[in-house]
Amino acid sequence: MISGASSSSASASSQHSYNALLLCVAGLGGLLYGVDIGIIGGALPYLEATSGLNAGQLSVIVAAVLLGSVISTIFAGLLADWMGRKPMMTLSGLVFVVSIPVIALSHGYGPLFVGRLLQGISGGFIGVVVPLYLAECLASTNRGKGTGIFQWLLTLGIVAAALIGIYYSYRVEAVARASDAAALFQVKDRAWRHIFWISLPPGVLFVLGSIFVTESPRHLFRAGHRERAMAALLRSRTPAMAELEFGEMEERSLNVGMPDGSGQKNTESLFRRKYLIPFLLACVILFCNTATGVNSIIGYNTSILLQSGLSDLAAHWGYVIFTTVNFLMTIVGMTLVDRKGRRFLLILGSTGLMATLITIGTLFWKTEKSNLECRGAVQSLVGPQQELILKFDQPEADRLLTASGHEDTTSLGAHASLAVIYSYGGFTGATTFVRSDDPAAEPLRVTRASSIPATRIEAFFKNPFSDLDAARTAPLTIERARIGQIPDRTHGYLVALALFAFIAFFAVGPGVCVWLALSELMPTRIRSIGMSVALVINQLVSTTLAVLFLPVVSKYGYSTMFFLFAGFTVIYFITATFFLPETKGKTLEQIEQHFEALGS
């Protein structure tokens with residue numbers, strides 16, 4: 001009896017240690033995904049100052065991660081089925097590790113582009129394979145916690161990127177006050193390289209961790225390795241739980257296109273309701289998750305806070321607080337997801353997102369409704385070289401307003417902001433808001449070199465329908481030029497608080513549950529391919545919003561963008577409330593049976 005109890009205790013300890021290893025690997029995967037998203041934000045100002053790249057090339061460097069991610073996401077499911085989940089995790093980590101020295105040691109556009117493309121490829125693989133692996137490996141009792149840790153460390157990666165960026169911001173500011181231009185250039189050049197080098201150790205740890213975990217039991221079972229599948233289940237479950245899940249896998253094997261006892265495969269159509277309903281449900285959730293605007297709000301957070309009335313330093317610290325709230329509230333979501341359930345958290349989160357987005361939109365609408373159009377006055381400032389260089393201070397603001405026929409605007413000019421939409425041929429751009437009350441602000445610059453892509457490849461990704469040759473000789477046209485009142489600090493603090501509430505609701509609900517919904521809803525037969533398709537949709541939505549954000553904000557104001565995000569969140573709420581089943585505590589086979597019953 002003592003020997004049996006000792007053996008049972010040792011087995012439980014081994015299972016606990018292995019589950020901890022799985023959660024650690026999941027967290028490192030999420031950390032790398034977060035670093036992919038956030039690392040460029042802190043490095044970009046110093047890269048722009050020292051690399052010699054023009055604005056078009058810099059935009060491609062920023063977007064290369066997204067391009068690589070879309071490419072790899074398309075093939076991630078197929079490769080995961082062919083190679084296995086474990087080898088794909090190792091490969092994704094290795095690609096990330098290789099990308100860092102390629103970027104940090106680069107001198108010129110080509111190596112930077114290749115390195116950032118590799119980062120994106122790694123991120124696309126990780127976004128599909130790690131949640132897929134966790135869903136197939138973890139028991140139903142802690143599957144939510146495992147995927148939550150992936151999201152938690154993802155938010156930590158974004159926080160770390162923000163803190164690293166502000167650390168180097170202070171260092172560069174100190175050198176700028178005490179040193180000459182050459183020393184400042186060297187500090188900025190080292191800064192963006194160090195920022196990338198700092199992200200290398202998590203990649204190495206992820207590769208090492210992925211080597212020591214076993215292959216997914218469900219992948220092994222589908223490949224015909226039933227003994228190895230059972231052994232993989234026993235590493236993370238009690239014998240009773242492993243037997244139960246193995247029995248469910250065998251029971252389902254005849255209905256998901258796997259070889260049956262006679263070696264035949266199920267050839268039923270993939271367009272049956274039992275496949276289509278969960279696939280479409282996962283796609284809608286992934287679409288709405290991004291359509292809440294979370295990626296745009298993260299990416300433009302500092303600009304939003306500046307335009308809301310906060311100072312430059314307050315806006316940057318507001319972004320740090322914003323990312324920290326995201327990180328901390330993800331912990332809350334992790335503790336609730338296996339207790340309250342996925343559906344409850346998605347309903348709670350989408351309700352809070354609707355309320356906060358409408359609040360932010362209303363706050364901006366109250367200040368933006370008095371914006372004034374000065375397109376003609378700004379167009380008159382375009383020089384013979386078809387470029388616009390405008391120092392927007394109080395006298396210039398007053399002059400533009402007067403030239404546009406707006407009277408009694410002296411008080412507006414003292415605290416005004418200007419946003420311009422412009423075009424060269426078919427290539428349209430938008431400036432960020434510049435403020436008349438910022439004496440250190442750089443002049444607003446719109447030039448052909450910074451607006452027109454240098455190559456046809458860049459032109460295709462910026463606007464595949466435009467004529468690059470015609471744009472190279474087209475005049476600069478000012479489409480819109482809007483001057484508005486900068487709100488006071490109280491308005492800025494209200495917007496900041498609403499943004500903090502927005503990210504808190506997102507983190508506790510959609511942030512944690514979206515990866516679970518993606519991996520749990522997909523039936524076994526289409527899980528890997530379906531996850532790839534859904535994530536590609538997610539990334540296309542993110543790309544579209546990123547492209548539209550500045551032009552829409554410049555033309556119609558932040559209020560329009562936030563009300564648009566709120567509209568998509570209504571769809572999210574309806575989907576979660578009326579169509580999403582609760583998957584808490586259910587095995588993947590039980591979830592699949594639910595949708596099969598709906599389709600019968």
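The legends below describe close-up views of a predicted model. Local features need pLDDT of at least 70 and side-chain atom pairs count only at pLDDT 80 or more, while totals for chains, interfaces and linings use all residues. Residues are numbered from 1 along each chain as its sequence is written, and side-chain values use heavy atoms, with hydrogens and water left out.

**View 1. Nonpolar surface patch formed by residues including Ile 71 and Val 533.** Ile 71, Ile 74, Phe 75, Leu 78, Ile 529 and Val 533 make a patch of about 500 Å². Patch residues have over 30% relative accessible area and no salt bridge, with nonpolar side chains (Val, Leu, Ile, Met, Phe, Trp, Tyr) joined within 5 Å and like charges within 9 Å. Accessible areas come from the Shrake-Rupley method with a 1.4 Å probe, and for residues only the protein chains shown count as cover. Helix 2 (55-83) and helix 23 (527-556) each supply at least two residues of the patch; the largest share, four residues, comes from helix 2. Helices (H or I, at least four residues) and strands (E, at least two) are DSSP runs numbered from the N terminus. Ile 71, in helix 2, is partly exposed at 38% relative accessible area (buried is under 20%, exposed over 50%, partly exposed in between; 1.4 Å probe, protein chains only).

**View 2. Salt bridge between Arg 85 and Asp 81.** The side chains meet at 2.9 Å, N to O; a salt bridge is a side-chain nitrogen of Lys or Arg within 4 Å of a carboxyl oxygen of Asp or Glu. Arg 85 is buried at 2% relative accessibility, whereas Asp 81 is partly exposed at 31%. The structure holds six salt bridges.

View 3. The closest N and O atoms are 3.2 Å apart. Asp 189 is buried, with a relative accessible area of 15%, and Arg 193 is buried at 11%.

**View 4. Salt bridge between Arg 480 and Glu 373.** The closest N and O atoms lie 2.8 Å apart. This pair links distant parts of the chain, with Arg 480 in strand 7 (residues 476-485) and Glu 373 in strand 1 (residues 372-373), 107 residues apart. Arg 480 is partly exposed at 21% relative accessibility, and Glu 373 is partly exposed at 27%. Glu 373, Arg 480 and Arg 482 are linked in a network of salt bridges.
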